[in-house]
Amino acid sequence: MSLALLAGLFWIGTYLLIRRVLRYFETVYELGPALAYQLLLIILLTFLSMLLFSNLVAALSTFFLARDLDLIHAAPVSPNGFFFARLIATTVNSSWMVLFFSLPIFAAYGSVFGGGIALYLWIAMILPLFLLIPAAIGALVTHLLVYAMPAKRIRDMFFFLGLIAFLIMYFLFRFSQPERLVQPESFGNFMQFLSAMETPSSPYLPSSWLAEILASVLFKRDTEQPFFFALLTSYAMFLPLAASWCSSLVYLDGWSKAQESRQGRRKLAWLDRLLDVITVPFPAITRALMLKDIKTFLRDSTQWSQLLLLGALIIVYLYNFKVLPLDRSPMPAGTIRTVVSFANLGLAGFVLSAIAVRFAFPAVSLEGKAFLLLQTAPISLRALLWSKFWLNFVPLCVLGELLIFCSNLLLKVSGWMMALSLITIFLMTFGITAIGVGLGATYPKFDYENAAEIPTSFGGAVCMIFTMGFVGLNVMIVAWPIYTLAMRAFNRGRSFVPEYSVIAPSLLIVLAVTVVTVSAALRIGIKRLEQMKE
């Protein structure tokens with residue numbers, strides 16, 4: 001009941017935020033619907049890219065690496081029945097989070113621009129079709145890759161997966177052409193600018209078809225709803241059939257190759273020495289557990305290969321700041337850079353939250369049945385949980401500091417803003433990691449079929465809500481001094497070095513919130529594991 005209430009509060013918060021943005025768009029003369037349409041297009045494009053990436057990873061685990069495949073293939077199950085059952089499982093595992101975030105967004109659009117019952121009927125009809133298309137593409141691409149690459153070159157296969165994901169993400173991002181929102185001077189006149197704003201980003205993307213259907217209801221635009229609905233329906237029917245036909249030809253060979261053992265690899269002495277140096281500051285038991293987890297992670301291609309996708313996300317994330325047209329803002333350069341840097345602090349926190357749900361939350365569950373063996377060993381549950389915490393905190397902290405430092409460097413912010421952002425993201429990383437590890441221990445899933453199921457479970461949703469709430473709370477705490485200093489710089493017309501008395505109270509409050517969060521999250525996780533031990 002309490003978790004349902006928490007999810008409801010999160011939906012309400014998202015709804016109110018999007019609704020406020022759309023209300024602001026309404027005040028922009030003649031451009032309100034066009035801006036709202038472009039925002040909807042970018043949101044749907046983001047959802048499509050997320051679905052493509054998650055389905056590529058989930059399809060590989062579901063079709064080729066799941067533990068129950070030996071039993072299923074020994075049972076009298078038809079190939080088509082097996083394929084479509086796994087396709088449905090892949091779609092559900094990869095799409096539920098998009099559904100979770102999209103519902104309040106659609107509700108906000110309906111509240112501001114109307115649409116009535118017709119809007120929600122269209123959403124109910126077209127959203128399942130939209131979710132099925134990237135799932136079928138992910139299954140099709142995965143089958144072809146596994147068939148083409150021998151199991152001994154599984155690392156190369158994941159490299160190509162990461163490369164394909166990066167290219168897809170880059171082109172989807174460029175297709176949205178967000179720079180058109182802030183470059184009206186590139187158009188001959190206002191009508192050309194308005195016309196370009198109302199033009200879909202690419203007529204070949206399902207997100208554009210979905211946006212056109214919804215735009216007809218929301219903005220009373222004259223669009224061919226039946227045509228775009230027919231496009232969505234035809235692709236949602238054709239792609240699963242094409243993937244099923246491809247699966248019938250290549251699946252057994254691909255699955256057989258996936259079962260082949262890899263060649264033994266030479267022990268890397270330099271890697272062992274490096275890990276020994278990195279883990280020196282930790283106690284002996286914690287250090288041993290961390291070394292075990294690091295080597296297990298490096299041996300599991302389904303885990304470390306996702307770092308390729310993470311690298312692509314970071315590149316595009318930083319690229320966004322490089323192309324920001326800050327020189328066109330009517331506000332002073334120093335003030336607008338401070339505001340954008342503050343917004344970047346929240347964005348970086350949300351990125352770390354998503355990564356923590358993917359890596360920190362499953363940390364305890366990945367012990368699997370070996371957790372029973374750990375209970376009989378002379379290792380305290382506290383040491384186990386703290387080893388998981390430090391193992392995830394270090395890379396998350398490095399990533400967070402790198403994102404903030406590089407983006408602020410591109411923004412050319414003042415020294416005090418750089419220092420404030422780096423300290424704040426450092427403190428937030430403690431809380432984000434603790435929530436991920438603590439809730440991972442509270443909602444363990446030791447009997448998983450594949451690791452991709454863990455972060456997409458009910459506990460993963462709870463973890464995402466709490467981490468994002470923690471980030472939002474800290475951003476609000478830091479917002480007041482930044483607002484005060486930005487307005488002071490705006491009024492003076494120049495940048496300045498603020499007094500410590502303005503910044504210090506907010507940092508102390510963030511520190512206190514972080515300490516309470518880390519203590520509570522890990523204590524709850526330890527208590528839950530102790531109850532399981534009893």
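Here are some notes on this predicted model, point by point.

1. Ground rules first. This is a predicted model in which local features need pLDDT of at least 70 and side-chain atom pairs count only at pLDDT 80 or more, while totals for chains, interfaces and linings use all residues. Residues are numbered from 1 along each chain as its sequence is written, and side-chain values use heavy atoms, with hydrogens and water left out.

2. How far to trust it? The mean pLDDT (the predictor's confidence in each residue, from 0 to 100) is 77 for the chain, with 74% of its residues at 70 or more. Helix H17 has the highest confidence, at a mean of 89, and helix H7 (residues 190-197) the lowest, at 45. Residues 186-200 have pLDDT below 50, and this stretch still has 31 contacts in the model beyond near neighbours in sequence. Where pLDDT is low, the predicted coordinates should not be read in detail.

3. The overall picture is helical: the chain has 19 helices and zero strands. Both are DSSP runs numbered from the N terminus, with helices being H or I of at least four residues and strands E of at least two. Of the 534 residues in the chain, 50% are buried. Here buried means under 20% relative accessible area, exposed over 50% and partly exposed in between, with a 1.4 Å probe and protein chains only.

4. Gly115 lies in the loop between H4 and helix H5 (116-148), and is partly exposed at 24% relative accessible area.

5. Go back into helix H4 (residues 79-113) and you find Ser95. Ser95 counts as buried because its relative accessibility is 2%. Its contacts, leaving aside neighbours within four places in sequence, are with Leu51 and Leu131.

6. After H16 comes Lys412, with a positive phi near 60°.

7. There are 20 aromatic pairs in the structure. One of them is Trp390 with Phe393, and it is edge-to-face because the ring centres are 5.7 Å apart and the planes at 85°. For the terms: rings of Phe, Tyr and Trp (its six-membered ring) pair if their centres lie within 6.5 Å, and planes under 30 degrees apart are stacked, over 60 edge-to-face and the rest tilted. Both residues are in helix H16, three residues apart, about one turn. Trp390 is partly exposed at 26%, whereas Phe393 is buried at 6%.

8. Helix H17 (residues 415-442) holds Phe426 and Phe430, four residues apart and so about one helical turn from each other. Their ring centres are 5.2 Å apart and their planes at 85°, so this pair is edge-to-face. Phe426 is partly exposed at 34%, while Phe430 is buried at 18%. An α-helix has 3.6 residues a turn, so residues three or four places apart point the same way.

How values were computed:
Contact = heavy atoms within 4.5 Å.
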